[in-house]
Amino acid sequence: MHDDSWLEDFLPLMRCPDTHQPLRRATADECAKNNVTSALATQDGSRIFIIDEGIPILLPGQ
């Protein structure tokens with residue numbers, strides 16, 4: 001498991017590359033539904049961005 005605690009400082013500044021919605025930590029249910037252990041989600045939950053080795057992968061159109 002990688003340390004992604006640094007994200008807490010930057011999360012208020014992060015936005016979805018497609019919708020520009022603020023991002024939040026994905027819930028356990030959202031992670032399970034998408035078969036990932038850690039992710040960020042848009043405020044409305046329409047998009048999920050995995051966290052790979054402590055780094056969020058924020059690619060548009062994923």
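How many salt bridges does a search of the whole structure find? I ran that search on the model, which is a predicted one, and it returned 3 salt bridges.

Entry one. I looked up arginine 25 and found its side chain in a salt bridge with that of glutamate 8, at 2.8 Å from N to O. Arginine 25 belongs to strand 1 and glutamate 8 to helix 1, so this pair ties together parts that lie 17 residues apart in sequence. I noted that arginine 25 is partly exposed at 26% relative accessible area, and that glutamate 8 is also partly exposed, at 44%.

Entry two. I then turned to aspartate 18, whose side chain meets that of arginine 47 in a salt bridge of 3.2 Å, N to O. Because aspartate 18 sits in the loop between helix 1 and strand 1, and arginine 47 in the loop between strand 2 (39-42) and strand 3 (48-52), the pair ties together parts 29 residues apart in sequence. For aspartate 18 I read a relative accessible area of 30%, partly exposed, and for arginine 47 a value of 28%, again partly exposed.

I found glutamate 30 in a salt bridge with arginine 24, with 2.8 Å between the closest N and O atoms. Glutamate 30 counts as buried, because its relative accessibility is 16% and the cut-off for buried is under 20%.

On the surface I listed a nonpolar patch formed by Trp6, Phe10, Leu13, Ile50, Ile55, Ile57 and Leu59, which together have about 640 Å² of accessible area. I checked leucine 13, which is placed in the loop between helix 1 (7-10) and strand 1 (23-25) and is exposed, at 64% relative accessible area.

How values were computed
Residues numbered from 1 in each chain as written. Predicted model: local features only at pLDDT ≥ 70, side-chain atom pairs only at ≥ 80, totals over all residues. Heavy atoms only, no water. Patch = residues over 30% accessible without salt bridge, like charges linked within 9 Å, V, L, I, M, F, W, Y side chains within 5 Å. Areas by Shrake-Rupley, 256 points an atom, 1.4 Å probe, with all protein chains shown as cover. Salt bridge = Lys/Arg side-chain N within 4 Å of Asp/Glu carboxyl O. Helix = DSSP H or I, 4+ residues; strand = E, 2+ residues; numbered from the N terminus. Buried < 20%, exposed > 50% of the residue type's maximum accessible area, 1.4 Å probe, protein only.
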